[in-house]
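Open your viewer and get ready to select residues by number. This tour goes stop by stop.

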Amino acid sequence: MQQNKEIDQFDIPLAKRTHLNNSNSISIKKLLIFSPFLFLFFSFVALQLIRNTEPRPSSNFNFQNEKNLDHRILGHLPYNEIPKEKLVLIEPNIEVHIDMRDSLLMMRNEAKRDGIYLVFLSGYRSINLQNDIFYSLKSIRNQEAAERARVSAPPGYSEHSTGFAIDLGDATQRETDFETEFENTDAFRWLKKNAAKFHFKLSFDKNNKYIDYEPWHWRYEGSIDALKIFETSNREP
Ligand SMILES: [Zn+2]
């Protein structure tokens, strides 16, 4: 009996040890089997936490990406050069898109009837000419590209290369040509009131973030081709 007891006492710790050993090896096995799932689970939880705690840079990022999709450079949109066969000379040194000619000439005539004398300062400009304007003027004025771009488009990014843009002046106040002061002329006041009738629109108003206000620069939107060309620009907030 005592011997049995001794055996029992001896057995118990053995059994316990075996049991403990067994349970250890089982939980390690379990751990090994479930570790990939656990890893996935915790990764998922961590990802959710990161997503929820990250404030809004992600939405800003998307917004910036969207802005970049229109391929703007220094705030200017890219424009193709008009095919030569669509260009017409309306007076010495002034060529425009054939679709815009009639409307532009009608607008000038109507203005004249109201005692306003519009001058055509610049119509179509080739990408080569725009290249000279942008780079030569930039260096003369010792301005960096971004500063220069506020008043002149980089080559390939000017509305003038489409043939649908025209710079206008007031024949009675030539000192305001290409100047912000043009907005104080009778010609500008007349244009603000009447240009839309002839499908002309001011391209760069005072709200433009990148490009300085250009009261003399108007673009034609009276044809589907022109509207397609300026679609991106018109989508701006
Ligand atoms: Zn212009």
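**Stop 1: helix 6**

Select residues 186–194, which form helix 6; its buried residues are A187, F188 and L191. Buried means that 20 or more other C-beta atoms lie within 10 Å of the residue's own; exposed means 12 or fewer, and partly exposed is in between, with C-beta atoms placed from the backbone. Helices (H or I, at least four residues) and strands (E, at least two) are DSSP runs, numbered from the N terminus. An α-helix has 3.6 residues a turn, so residues three or four places apart point the same way.

Now colour K192 and K193. These exposed residues sit on the face of helix 6 turned away from its buried side.

Two notes before moving on. Residues are numbered from 1 along each chain as its sequence is written. The model is predicted: local features need pLDDT of at least 70, side-chain atom pairs count only at pLDDT 80 or more, and totals for chains, interfaces and linings use all residues.

**Stop 2: the cover**

What covers the buried side of helix 6? Show strand 3 (118–122), strand 4 (165–170) and strand 6 (217–220): they are among what covers its buried residues. Helix 6 lies across these three strands, running at about 135 degrees to strand 4. Axes here are lines fitted to C-alpha atoms, for helices over the stretch in contact, and angles run from 0 to 180 degrees between N-to-C directions. Zoom in on A187. Leaving out residues up to four places away in sequence, A187 touches I116, L118, L168 and D170. Contact means C-beta atoms, placed from the backbone, within 7 Å.

**Stop 3**

Show the open sheet of four strands, in the order 3-4-6-5, with antiparallel pairing. Strands pair if DSSP finds at least two bridges between them. Strand 3 and strand 5 (200–202) are the edges, each pairing on one side only. Next, select F120, which stands opposite L168 in strand 4. Strands 3 and 4 pair over four bridges.

**Stop 4: the core**

Select F164, I166, L168 and A187. Of the 28 residues in the largest nonpolar core, these touch the most other members. Such a core is a set of buried Ala, Val, Leu, Ile, Met, Phe, Trp, Tyr and Cys residues joined through C-beta atoms within 7 Å. Helix 3 (98–113) is one of the elements giving two or more residues to this core. Its four residues are the largest share.

Methods
Contact = placed C-beta atoms within 7 Å.
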